[in-house]
Amino acid sequence: MTAHEARSGGRLLRGAHRTLTGLHPVLESVLAAVLGLLVGALLMYIWGYDPWRAYWALFRGAYGGSYEIASSIARGVPLIFTALTFSICVRAGMFNIGAEGQMYVGAAAAVCVAYFKLPPGLHLLVGIAFAAIAGAIWSLGPALLKLTRGVNEVISTIMFNWISRFLVFYLVAYVLVDARQGQRTVQVPVSARFPILVRGTDLSYSVFLAVAFALFVYFLLWHTATGYEVRAAGLNPTAARYGGISINRTILLSFALGGVGAGLAGAATTMGLPPTYAIISGLPELMNLGFDGMAVAMMGRNHPIGILVAALFFGGLNAGGRVMQFYGSNPVPLEMVRVVMGAIVIAMAIPELVRVFPAIARSVRRLGGVFRRDRATEREGA
Amino acid sequence: MNWNYVLDLLRISLHAMVPITLTAIGEIIGETAGLFNIGLEGILLISAFVGALGAKAGGPVVGLLVGMGVGMVIGFVFSVICTYWKGTQMIAGIGINLFAMGFVAFGLIKLGAPGFHAVPAEAQLAKLQTPMGALSPLIFVALVVPFLAHWFLRRTRAGLILKAVGENPEAADVAGINVHLTRLLATTFGAALAGLAGAYLSVGWFGSVTKEISAGRGFIALATVVFSGLNPILGLVGGLIFGFFQSLATWIKTLPTKPIPWQFVDMLPYIVTLLVVSGVVGRVRFPKALGEPYKRE
């Protein structure tokens, strides 16, 4: 091999390496997804299911056609909001597990629009505002406890989740209940519903609200002074404080904005997801959207754009899971999807996930070896 | 007011104290060594389910041991991720909780009835007849374990090593202590206690498994740890307080007159947890390196 050949080969390799490092976060998310699906497959196999057939049904149910893709997006919409709730607070240096409860409260507030009449567009906007405000107010509880008493937000948000759950149980059973249909609340009137975007599917205009909110969060966090302060406080609170940033303000702001997101998730579900347009007793349509959102946030690397992509994946899991649970003679229950999500999150906890796998690590080392030899050749040449 | 009602309340309180205390003591040991495990809720949930299966296969004692084993396995995985692989403890814990929710709901469906599975009477842990009525033997275990843990953490060399690793891992490392291994052992042992608590829920107390059997007890145990300031004796006190309010809620619901809607009664334990935690925070001090992965410079 002549020196020239080695150098050009090295340049190629270095280029590939640079691309790979740039794609590192994406690669890790993909790897985590693959790992999660493998864990799911293993469990299905142990429990006596055919994982291959199940995943095939899931995949076809999620992305097999335009109807399926539309449902996947529809299922992903609330997850975008709750994922943003989690991510905003992570960027501010906190673990806000409260999206679940804030979403319940937001959904209950959105249903309240059924009690008055307004022109179509305005009615919808008022409902959105109700949900956003309710979510933000509910999120202030943990934020204030953290500011005034130093209570760890993980504990307080979980307690608020349980409290709001029983509060909304109560509201559904006694206050917002439909007099004719005791098992659900009053329905959101047509004038306050998100119009359906693709006829015959669950996909409504709420998807635009979700994307707009994600872009808003992106703009706020990365292109404004306030967002810079929030992120600085998250990276290093002590340094940020010395830099004149009010940590109290960033905590309050990120919690409130997160609460808005979670409230909107409630609105998107009750006002934008056919067919009930109401909260059913036991909250089956809402349950766990907040927790699933955390998985979306982590897979999306706590970045609004990443979240949009991850939500499409998890929405697909949810939509496809609904198909999977009725597929074949031995259908796999929908709950499998959450097992996969959990495994993905556990995998995402590992930094440098790529390195955990010896095979990949070895190839990386070999690549490094090539570089070193290449550099040595260059030095010799010089 | 009937005395029997009061006695009932006390008895349920003691039963409700067990899972919170055991889980909290386990977490106190883990946090002393520097690992913050918010996956306790998931450990309770999975070990309640798998422990019930074990009890059905081999009797109540096997069930409890299986629960402990499952707790250890999850704790081991968690601590390998968070020590050797330098993972983020919060995220790994959240992952465990999500995984557990799916796993147990899935398993319950697989067993037949979605959401509910009864443990047969012969597989349940027999209760001891005492002057106070029938009490689970694990109540006595939960009353003794905190004192043992206190002795272990304050009076033994191993306890001191745990503390060193949690407070200043660099110094511990320089002194020749294997930081990762110490943390791994402490957290795995702590998770075993959580596993025992989980198995107790299904095998020793409720006699059934539901997909929400843990009902936030893992997080209430975390609150207990905050309350205790990593002192196991105070952990027991916290367990008694939270256990009392949990059973107060259950007890109010059994009253013949329904004074308040059940939804508000069910909020009680969580509201009390918030109040207690916000009352004590600021007074307690936690290990310096808590929650931080240890990386050698």
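Me: Before I look at any pair of helices, how is the angle between two axes defined?
Reply: Axes are lines fitted to C-alpha atoms, for helices over the stretch in contact, and the angle, from 0 to 180 degrees, is taken between N-to-C directions. In this predicted model, helix H8 (residues 206-223) of chain A and helix H11 (residues 247-272) of chain A have axes that come within 10 Å and cross at roughly 170°. Since angles over 145 degrees count as roughly antiparallel, H8(A) is therefore roughly antiparallel to H11(A).

Me: Which residues of H8(A) and H11(A) meet?
Reply: From H8(A) come Ser206(A), Leu209(A), Ala210(A) and Phe213(A), and these meet Gly261(A), Leu264(A), Ala268(A) and Gly272(A) of H11(A). By class, this contact divides into 5 nonpolar and 3 polar residues, with no charged ones.

Me: At what angle do H1(B) and H8(B) pack?
Reply: Helix H1 (residues 3-32) of chain B packs against helix H8 (residues 179-206) of chain B at an angle of about 170°, with the axes 7 Å apart, and the two are therefore roughly antiparallel to each other. Among the residues making the contact are Val18(B), Leu22(B) and Gly26(B) of H1(B), and Phe189(B), Leu193(B) and Ala197(B) of H8(B). The residues of this contact comprise 15 nonpolar, 7 polar and 1 charged.

Me: How should I read the interface between the chains?
Reply: The size of an interface is often given as the accessible area lost when the parts come together. Here the description is by residue contacts, with 39 residues of chain B in contact with 38 residues of chain A.

Me: Which helix gives the most to the side of chain B that touches chain A?
Reply: H4(B) gives the most, with 15 residues, while helices H4 (89-110), H9 (217-228) and H11 (262-280) of chain B each supply at least two. That side of chain B divides into 27 nonpolar, 9 polar and 3 charged residues.

How values were computed
Residues numbered from 1 in each chain as written. Chains lettered and ligands numbered in written order. Predicted model: local features only at pLDDT ≥ 70, side-chain atom pairs only at ≥ 80, totals over all residues. Contact = placed C-beta atoms within 7 Å. Helix = DSSP H or I, 4+ residues; strand = E, 2+ residues; numbered from the N terminus. Nonpolar A, V, L, I, M, F, W, Y, C, P; charged D, E, K, R; others polar. Parallel < 35°, antiparallel > 145°, perpendicular 65-115°, else oblique.
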